[in-house]
Amino acid sequence: MANGLRDDATVIGLVGLAHASSHFAHLLLPPLFPVFMQEFGLSFAQLGALMSTFFVVSGLGQALSGFVVDRVGARPLLFVSLGLFILACLAASQVTGYAGLFAVAALAGLGNATFHPVDFTILNQRVSAPRLGYAFSVHGLTGNLGWAAAPVFLAGLAALWGWRSAYVAAAALFALIGVLLFLQRERLATQVVVRNTQAGATDGGLDFMRLPVVWWCFGFFLLSTMTLAVVQNFSVSILAALHGVRFEAATLTLTAYMLCGALGMAVGGIVAARVPQADRVVALAMAVGAALLVVCATGWLGATGTMTVLAITGFAVGIGAPSRDMMIKRATPAGATGRVYGLVYSGLDTGLALAPLLFGMLMDRGCYSATLLGAALTLCLSAGAAVAVGVRTVRTG
């Protein structure tokens with residue numbers, strides 16, 4: 001295990017790079033949706049189905065890939081995933097219709113499936129315990145940066161060279177990342193841990209699924225991610241409908257939300273390293289975020305105030321992210337890291353797949369404030385789930 005600061009920093013940086021690539025892949029298709037609508041005559045509903053496909057495949061694959069990580073180690077699956085991203089980009093550069101885009105979404109979703117079990121297995125095994133809070137902070141922050149980079153990269157290159165060439169360039173980017181990680185592959189090696197004396201960790205079996213704490217963790221991710229999906233998918237439209245905010249300004253607010261979230265994660269890394277009660281930190285951060293969303297839903301502060309508070313919401317939620325990962329680590333039985341992280345983080349994909357469908361119905365009916373209130377409710381419920389995780393962890397500890 002790497003104990004020196006330099007070794008830990010290298011591992012954290014490599015895993016952060018891998019995580020950024022997975023979030024980049026989340027947005028492999030959406031930045032070019034307007035192009036696909038014009039080129040292939042697609043509707044918003046058809047385009048939304050592509051993202052549902054991505055997250056359904058990713059969620060199912062993530063729950064299963066954790067078992068593979070526990071059996072063969074994290075590193076092999078990391079390189080398989082990068083290979084799938086390359087294939088998805090090359091396939092995207094050749095698509096001629098809707099069916100081809102579905103194949104791209106499925107390939108990218110399958111590639112995305114392994115990253116959380118892989119990343120957290122490497123971090124938990126290779127990074128010194130006192131620095132794990134900082135490691136989880138960087139992990140979350142790099143994910144946000146991957147989200148921010150994808151639209152700029154794809155839309156920018158599409159404008160310069162055409163959208164097909166942009167996907168070829170994206171394939172080259174993933175290949176470059178793969179080469180960099182391969183050159184540092186020894187830093188990413190993990191040991192396969194097999195234990196058969198503790199509940200939930202029996203030789204790669206399913207006993208861990210009997211632990212209530214695992215399902216509370218799953219519920220936390222499902223609920224908290226539904227709130228994120230509302231902000232990502234509908235905040236621009238909500239600001240325009242409720243306050244007449246122009247598209248450019250509303251989009252800037254969404255960008256501010258993500259950047260504030262990244263800043264919150266940086267601060268949250270310090271909090272996670274110094275405050276051992278991870279579940280309480282998470283619950284407080286989610287509760288504050290929920291309260292801020294309620295303020296946004298009322299519209300009391302007008303356009304500028306609402307945009308400001310929405311951005312601050314990202315900071316509040318971001319603070320809880322590193323402690324969230326510490327919370328999951330402490331709830332994980334020995335020898336079951338890959339399986340637990342795979343199942344728990346599939347709740348993230350489930351939330352991202354469900355929220356656009358559920359809250360989209362409210363949006364179609366013009367219930368814009370109710371959509372924000374619903375997002376606040378799911379975030380508040382996630383705070384309760386975090387408390388339940390803390391209680392269950394104590395009981396099973």
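Predicted model: local features only at pLDDT ≥ 70, side-chain atom pairs only at ≥ 80, totals over all residues.
Colleague: How are two packed helices described, and at what angle do helix 7 and helix 8 pack?

Modeller: Packed helices are described by the angle and the distance between their axes. Here helix 7 (residues 132-161) and helix 8 (residues 163-183) pack at about 130°, with axes 7 Å apart. The two are therefore oblique to each other (angles under 35 degrees are roughly parallel, over 145 roughly antiparallel, 65 to 115 roughly perpendicular, the rest oblique).

Colleague: Which residues of helix 7 and helix 8 make the contact?

Modeller: With contact meaning heavy atoms within 4.5 Å, helix 7 contributes Phe153, Leu154, Leu157, Ala158 and Trp161. Helix 8 supplies Trp163, Ser165, Ala166, Tyr167, Ala169, Ala170 and Leu173.

Colleague: Is His19 buried or exposed?

Modeller: Buried means under 20% relative accessible area, exposed over 50%, and partly exposed in between (1.4 Å probe, protein chains only). His19, in helix 1 (residues 5-26), is buried at 3%. Its side chain makes a polar contact with that of His23 (3.1 Å).

Colleague: Where is Thr114 found?

Modeller: Thr114 lies in the loop between helix 5 (98-112) and helix 6 (115-126), and is buried at 9% relative accessibility. Not counting residues up to four places away in sequence, Thr114 touches Ser65, Leu77 and Ser81.

Technical notes. Residues numbered from 1 in each chain as written. Heavy atoms only, no water. Axes fitted to C-alpha atoms, helices over the stretch in contact; angles between N-to-C directions. Helix = DSSP H or I, 4+ residues; strand = E, 2+ residues; numbered from the N terminus. Polar contact = N/O pair within 3.5 Å; in protein donor to acceptor, adjacent residues only side chain to side chain.
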